[in-house]
Amino acid sequence: MTTSLKVCGAAGTVTGSCYLVRGGGVAFLVDCGMFQGAKRLKELNYGAFPFDPAEIAFVLLTHAHIDHVSALSEVAPALSAPVLMHKGDLEIYDNLAVQAASFGMRAPQNIKIERFLEEGDKIEFGDVSCEVIHTPGHSPGGISIICRSDKPQKVFSGDTLFMGSIGRIDLHGG
């Protein structure tokens, strides 16, 4: 079984990370960030979601930086889905207001984290299986998610890797 992937943010930008993944009869999000920066990017935050929030089974956060979590409070009222992340980023997540202030943004509301993920945890749905790999560096609780049942395999690395380089390690917690 393979999953399908729709990029709902971050394509060609450094903000708004959000991926819609479908497989095994389930849809979930990897990250849920808002666009920042240029006015044309910020305007993307006020349009309709590029997915139906009611169909989302869960949200996996690769890390808790604001560009990966800030749309949770916008999507959450329509979601009945649990949010999952690594506990190592809880301090960063609990201080979203500090992150928002440093980017001149309004602080998003924190949404309850339902489950903390650890190295080696399996996330299985239908005949799709993904594994959590703890990849600290960009943030203490950064994780990568590898969907091994896919051919070719898919890896969601958050900001552990950037195109052509390693991710930033100069941010708070990195």
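Predicted model: local features only at pLDDT ≥ 70, side-chain atom pairs only at ≥ 80, totals over all residues.
**Entry: the disulfide**

I looked up the partners. Cys130 is joined to Cys147, with 2.4 Å from S to S. I then took the torsion about the S-S bond, which is about 85 degrees, so this disulfide is right-handed. Next I placed the two cysteines in the fold. Cys130 belongs to strand β8 (residues 128–134) and Cys147 to strand β9 (residues 143–147), so the bond ties together parts 17 residues apart in sequence. Are Cys130 and Cys147 buried or exposed? I find both of them buried.

**Entry: Cys18 and Cys32**

Cys18 takes part in no disulfide, and the nearest cysteine sulfur belongs to Cys32, 4.7 Å away. I looked up accessibility for each. Cys18 has 5% relative accessibility and counts as buried. Cys32 has 1% and counts as buried too.

**Entry: the chain overall**

I counted secondary structure: the chain has five helices and twelve strands. Of its 174 residues, 47% are buried. I looked at contacts with a separation of 6 or more; residues 24 or more positions apart account for 55% of them. The accessible surface of the chain is about 8600 Å², and carbon and sulfur atoms hold 56% of that.

**Entry: nonpolar cores**

I searched for cores next. The largest nonpolar core contains 26 residues. Among those with the most contacts inside this core are Leu29, Phe51, Ile56 and Tyr93. At least two residues each come from β2 (18–23), β3 (26–30), β4 (56–60), α3 (72–75), β5 (83–86) and α4 (90–94).

I followed Phe51 further. What is Phe51 in contact with, leaving aside its neighbours within four places in sequence? I list Cys8, Cys18, Leu20, Leu29, Ile56 and Val75. Cys18, buried and without a disulfide partner, thus turns up again.

I also noted a second, separate core of 16 residues. Val21, Ile123, Ile143 and Phe156 are among its members.

**Entry: aromatic rings**

I find two aromatic pairs in the structure. Tyr19 and Phe156 make a tilted pair, 5.8 Å centre to centre with 55 degrees between the planes. Tyr19 sits in strand β2 and Phe156 in strand β10 (residues 154–156), so I am looking at a link across 137 residues. I checked exposure of both. Tyr19 is partly exposed, at 23% relative accessible area, whereas Phe156, at 6%, counts as buried.

Phe28 and Phe58 form a stacked pair, with centres 4.6 Å apart and 10 degrees between the planes. Phe28 and Phe58 are both buried.

**Entry: a charge over a ring**

I looked for a charged end over an aromatic ring. That of Lys87 sits over the ring of Phe116, 5.4 Å from the ring centre.

Note on methods: Residues numbered from 1 in each chain as written. Heavy atoms only, no water. Disulfide = S-S within 2.5 Å. Helix = DSSP H or I, 4+ residues; strand = E, 2+ residues; numbered from the N terminus. Buried < 20%, exposed > 50% of the residue type's maximum accessible area, 1.4 Å probe, protein only. Contact = heavy atoms within 4.5 Å. Areas by Shrake-Rupley, 256 points an atom, 1.4 Å probe, with all protein chains shown as cover. Core = buried A, V, L, I, M, F, W, Y, C linked by side-chain atoms within 4.5 Å. Phe/Tyr/Trp six-rings, centres within 6.5 Å; stacked < 30°, edge-to-face > 60°. Lys NZ or Arg CZ within 6 Å of the ring centre and 35° of its normal.
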